[in-house]
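Visitor: I would like to learn how to read this fold, one feature at a time. Where do we start?

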Amino acid sequence: MTIKLSKAGKMPCRSWSLEAIRTCPAAKKPDGSLVDACRGCYATEGNYNFPSVKGSREHNRTDWKRDAWVDDMVQALDNDRYFRWFDSGDMYDLKLANKILEVMKRTPWCNHWLPTRMHKIRKFAGIIETMQALPNVVIRLSSDSVRGELVEGLTTSTILGQDQLDNVPEGIEVCKSYENSGKCGTCRACWSKDVPVIAYVQHGSRMKKVNRESLIDIKEVA
């Protein structure tokens with residue numbers, strides 16, 4: 001087995017990822033349906049359906065269980081100064097989470113950003129807190145909303161509709177990649193503990209559909 005890292009086109013760094021939805025238990029509501037943010041998941045369409053992309057994520061779902069995986073990951077990150085965990089998938093298993101924590105501890109030269117919905121599952125609370133306490137780590141707790149609703153936490157994220165951009169609440173930093181051809185450029189806000197909330201702007205046809213349906217639901221409730 002070998003370490004397989006990926007690099008999304010917009011990102012300034014490499015990533016280690018898993019299969020979307022299949023490794024995202026917190027993406028589902030109690031009735032089994034997907035939360036709004038995951039119904040429009042970008043990692044279920046486009047390039048993510050290429051065999052080579054799917055293959056590396058399937059590989060990683062088995063590879064992390066190796067005894068030598070932590071050592072191999074530390075070696076792989078020798079020259080990385082920024083790293084993202086999960087441009088698709090999530091740390092669905094506590095054993096995986098503990099291994100990721102060990103990698104984070106052993107790579108203090110690397111700034112780690114890990115977005116997750118596993119904060120919704122109580123048994124992950126302790127390890128998320130331990131990760132977040134590391135000086136080189138930012139754990140962003142993801143909201144299920146596509147309309148800017150927030151979750152509690154030191155560093156979090158949510159999704160906004162483009163129709164909301166003229167009235168963004170104070171304290172929320174909007175990801176500017178949508179103004180930069182989908183690329184991060186020189187921005188490193190996602191890795192900054194000084195940025196408590198980041199809002200990503202909806203993109204893609206699926207997400208636009210979810211947004212329209214959410215607006216209908218909001219009007220019906222009102």
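Visitor: What percentage of the 222 residues in the chain is buried?

Guide: Buried residues make up 47% of the 222. Buried means under 20% relative accessible area, exposed means over 50%, and partly exposed lies in between (1.4 Å probe, protein chains only). This is a predicted model, in which local features need pLDDT of at least 70 and side-chain atom pairs count only at pLDDT 80 or more, while totals for chains, interfaces and linings use all residues. Residues are numbered from 1 along each chain as its sequence is written, and side-chain values use heavy atoms, with hydrogens and water left out.

Visitor: How many helices and strands does the chain have?

Guide: Helices (H or I, at least four residues) and strands (E, at least two) are DSSP runs, numbered from the N terminus. Here there are 6 helices and 7 strands. Read from the N terminus, the order is β-α-α-α-β-α-β-α-β-β-β-β-α.

Visitor: Which residues does W16 touch, beyond its neighbours within four places in sequence?

Guide: At 0% relative accessibility, W16 counts as buried. Its contacts beyond those neighbours are K4, L5, N60, W64, W69, M73, F83, R84, W85, F86 and L96. Take R84 from that list. W16 and R84 are 68 residues apart along the chain, yet their C-alpha atoms are separated by 7.0 Å.

Visitor: How do I describe two packed helices?

Guide: Two packed helices are described by the angle between their axes and the distance between the axes. Axes are lines fitted to C-alpha atoms, for helices over the stretch in contact, and angles run from 0 to 180 degrees between N-to-C directions. Angles under 35 degrees count as roughly parallel, over 145 as roughly antiparallel, 65 to 115 as roughly perpendicular and the rest as oblique.

Visitor: At what angle do helix 3 and helix 4 cross?

Guide: Helix 3 (residues 69-76) and helix 4 (residues 94-106) cross at roughly 40°, and their axes come within 9 Å. That angle makes helix 3 oblique to helix 4. A crossing is left-handed if the near helix is turned anticlockwise from the far one by less than a right angle, and right-handed if clockwise. Helix 3 passes helix 4 in a right-handed crossing. Helix 3 brings W69, V70, D71, M73 and V74 to the contact, and helix 4 brings L96, K99, I100, E102, V103 and R106.

Visitor: How many nonpolar, polar and charged residues are in the contact of helix 3 with helix 4?

Guide: Ala, Val, Leu, Ile, Met, Phe, Trp, Tyr, Cys and Pro count as nonpolar, Asp, Glu, Lys and Arg as charged, and the others, Gly among them, as polar. This contact has 7 nonpolar, no polar and 4 charged residues.

Visitor: What is the angle between helix 4 and helix 5?

Guide: Helix 4 and helix 5 (residues 125-133) pack at about 10°, with axes 10 Å apart. That makes helix 4 roughly parallel to helix 5. In helix 4, L94, A97, N98, I100, L101 and M104 meet I127, T130 and M131 in helix 5. The classes here are 7 nonpolar, 2 polar and no charged.

Visitor: Is F86 buried or exposed?

Guide: F86 is buried, at 2% relative accessibility. F86 is in the loop between strand 2 (82-85) and helix 4. Check its backbone as well: F86 has a positive phi of about 70° although it is not a glycine. I21 also has a positive phi of about 70° and is not a glycine. I21 lies in the loop between strand 1 (14-16) and helix 1 (36-39). At 23% relative accessibility, I21 is partly exposed.

Visitor: Which backbone oxygen lies 2.6 Å from a polar atom of the side chain of Q202?

Guide: A polar contact is a pair of N or O atoms within 3.5 Å; within protein, one must be able to donate a hydrogen and the other to accept it, and residues adjacent in sequence count only if both atoms are side-chain atoms. For Q202, the oxygen belongs to V146. Q202 lies in the loop between strand 7 (197-201) and helix 6 (205-221). It is buried, at 6% relative accessibility. R57, in helix 2 (residues 51-63), is buried at 7%. The R57 side chain makes a polar contact with the side chain of S56 (3.3 Å).

Note on methods:
Contact means heavy atoms within 4.5 Å.
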